[in-house]
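Here is a short briefing for a reader new to this structure. Take a look at the sequence and the model, then read on.

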Amino acid sequence: MRPTQRLSAGAVTLLALMFAVHTAHAAEQRIVLVSAAKTVVAPLTPPELRRLYLGISVVQNGQTLTPLRNGTDPLLYEIFLQKVIFLSARNYEHQLLSQVFRQGGQRPPLYRNTDELIAALKAESGAVTYMWASTAETLPGLRIIGDIWQGSTD
Amino acid sequence: MYASFLLMNRLLSTSSMALLLLLASPLAQAELILFPALTATERAGLNPRPDVQHAGHTPKQSELDAALNLFYSADKGRLRLLAEALISNKHPLSIERLQAGWLAVPATTVWLGRHHSPLGYWGTQFHHGAYMQTAIQRPASSAFGDPGDILPTHLSGLLIEGEHEQGDGSIDYTLSFGAGPTQGANGKLAAFDLAHPNQGTHKPGAVLRLSYRPDALASSEAGVFMGYSTIASELASVREIRQTVAGAFFNREQGRWRWIGEIYGVRNDLTQPAGNVRSSFVNANLQGEYGLRPDWTLYGRAENTFGDRNDPYLVHFPNFARERYLLGVRYELTRNQALKLELSDVRVAGDSYDQLALQWSAALP
């Protein structure tokens, strides 16, 4: 093989490797709604989920659901806001503040620490939060209620 | 019947305080938000108005106002408490809202307590949170306190709020019934005070408000309202005012634009020693906002009053802005702090002036 041919083959191989690595990182991701294993929560429709996280009460079988915001991963939070709530972070915060200020209630608490988030999930009856499916599947004591988003994070 | 109404108000005061203690317990889920605001105002063109009633309330040439609005809400099961208190350099602590609610169904709340009258859009959208509204000044028809509210801004009694889903949209309804204001010897309207239920004569009032939202979870809406109040007066020249208010409003948000509009038709039947007299006028305002950038908003508003010449009711509110045009800019300092600069041209009874105001406001945390 001539040197130029070897060089071309090497470049193609390198490009192929880079593409393979990139594809692995851009694999499909799922965000799921979870609760504590002891809590029974039926799957929520997209409008119900929006209502819940916009500070409006959602009650299932006499149980008031308590939304918790998962701020442990900035990418997760950004996708949640864009694909589930359909608001920018600034507009979401303002709308939450406006809703609570007008009609009372509480803004969903934001947790930036996974251990604290899980502890709150288990402590509050009716508490729900969202997380990567891959994370939910590895954490003990949680119940996956359903998928709320699926796509590429590339 | 009026004695029964008075008894209800006294029970309301007592039960509100008891519920406050219950829901302030550590077991309740709670939210505390502070809304501080600092406002510097300069006015030019002010003239003495010796011929105007209650002229002692003439606006000052320069003012620096500091205010802190405290908001608290707590839930315990289906019970909900909501409280809003205002402290400022102009007034000692005043309880603006104190409501105990029952979430009857997820979309309907039945409240007891002192609440903001659901007339119009501004009152129940922004309450006393300066940070929540884009502009510094409120429209004259929605003014709180100084320079004088001409319409009942607070009722104390029953408030029912709910919504009925219509596809993706909703029809929102609000019904309010309770003790309205009294008109003091200085002409100003003074709302029922839960802490002093025996002060003043507070006769009943009622308001019904309906609105439609094309998207139940978005802010755009349009609606109508109607209210009726009987206002006892301590003025020598007026014994009682029977006030009917009807109007419409809208809030339209699309892209970078936002439009807020209100129109009020007001009729007052004044019972006077010399004989009864009727007053009627229309007040309207339209505000446009443009989001130049995510942190910069330009806004402007026009307000006007029609049929107000020699109005026997408005004569007691000399600082009511019968006409106003303003332009302003709002800058988001941080995610929860804002700076506003506003220039306005104001016409009141017997005078007109220009005003420049600068305000810092926040919502903490």
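Leaving aside its neighbours within four places in sequence, which residues is Ser98(A) in contact with? They are Gln125(B) and Met132(B). The model is predicted.

**Ser98(A)**

- Ser98(A) sits in helix 4 of chain A, which spans residues 89-103.
- Ser98(A) counts as buried because its relative accessible area is 10%, and the cut-off for buried is under 20%.

**Where chain A meets chain B**

- On the chain A side, 22 residues are in contact with 38 residues of chain B.
- The two chains, A and B, bury about 2,500 Å² between them. Carbon and sulfur atoms account for 49% of that area.
- Three residues stand out on chain A: Phe101(A), Arg102(A) and Gln106(A). They supply 29% of the area that chain A buries against chain B, more than any other three residues.
- Three salt bridges are found across the interface of chain A and chain B. Seven residue pairs are in polar contact across the interface of chain A and chain B, both residues being at pLDDT 80 or more.
- Helix 2 (46-53) and helix 4 of chain A each supply at least two residues of the side of chain A that touches chain B. Helix 4 of chain A gives the largest share of that side, nine residues.
- Arg51(A) and Glu165(B) meet through their side chains in a salt bridge, at 3.9 Å from N to O.

**Chain B as a whole**

- Chain B has two helices and 18 strands.
- Of the 365 residues in chain B, 53% are buried.
- Take the contacts in chain B between residues at least 6 apart in sequence: 60% of them join residues at least 24 apart.
- Chain B exposes about 15,800 Å², and carbon and sulfur atoms supply 63% of this area.

**Nonpolar cores**

- In soluble globular proteins, nonpolar side chains tend to be buried together.
- The largest nonpolar core holds 48 residues. Phe35(B), Ile150(B) and Tyr313(B) have the most contacts inside it.
- Strand 13 of chain B (residues 257-271) gives the largest share of this core, four residues.
- A second, separate core has 27 residues, including Leu76(A), Tyr130(A), Trp132(A) and Leu217(B).
- Phe35(B) also touches chain A: leaving aside its neighbours within four places in sequence, its contacts include Leu97(A) and Phe101(A). Among its contacts in chain B are Phe71(B), Tyr131(B) and Met132(B).

**Salt bridges**

- Over all chains, the whole structure has 25 salt bridges.
- Glu221(B) pairs with Arg213(B) in a salt bridge, with the closest N and O atoms 3.5 Å apart. Both Glu221(B) and Arg213(B) are buried.
- Arg322(B) forms a salt bridge with Asp308(B), and their closest N and O atoms are 3.2 Å apart. Arg322(B) and Asp308(B) lie 14 residues apart, each in the loop between strand 15 (296-306) and strand 16 (323-334) of chain B. Arg322(B) is buried, and so is Asp308(B).
- Arg278(B) and Asp269(B) form a salt bridge, with 2.7 Å between the closest N and O atoms. Arg278(B) counts as exposed, at 51% relative accessibility. Asp269(B) counts as partly exposed, at 22% relative accessibility.
- A network of salt bridges links Arg43(B), Glu63(B), Asp65(B) and Lys90(B).

Key
Residues are numbered from 1 along each chain as its sequence is written. Chains are lettered from A and ligands numbered from 1 in the order in which they are written. This is a predicted model: local features need pLDDT of at least 70, side-chain atom pairs count only at pLDDT 80 or more; totals for chains, interfaces and linings use all residues. Side-chain values use heavy atoms; hydrogens and water are left out. Buried means under 20% relative accessible area, exposed over 50%, partly exposed in between (1.4 Å probe, protein chains only). Contact means heavy atoms within 4.5 Å. Accessible areas come from the Shrake-Rupley method with a 1.4 Å probe; for residues, only the protein chains shown count as cover. A nonpolar core is a set of buried Ala, Val, Leu, Ile, Met, Phe, Trp, Tyr and Cys residues joined through side-chain atoms within 4.5 Å. Buried area is the accessible area (1.4 Å probe) that two parts lose on being put together, summed over both. A salt bridge is a side-chain nitrogen of Lys or Arg within 4 Å of a carboxyl oxygen of Asp or Glu. A polar contact is a pair of N or O atoms within 3.5 Å; within protein, one must be able to donate a hydrogen and the other to accept it, and residues adjacent in sequence count only if both atoms are side-chain atoms.
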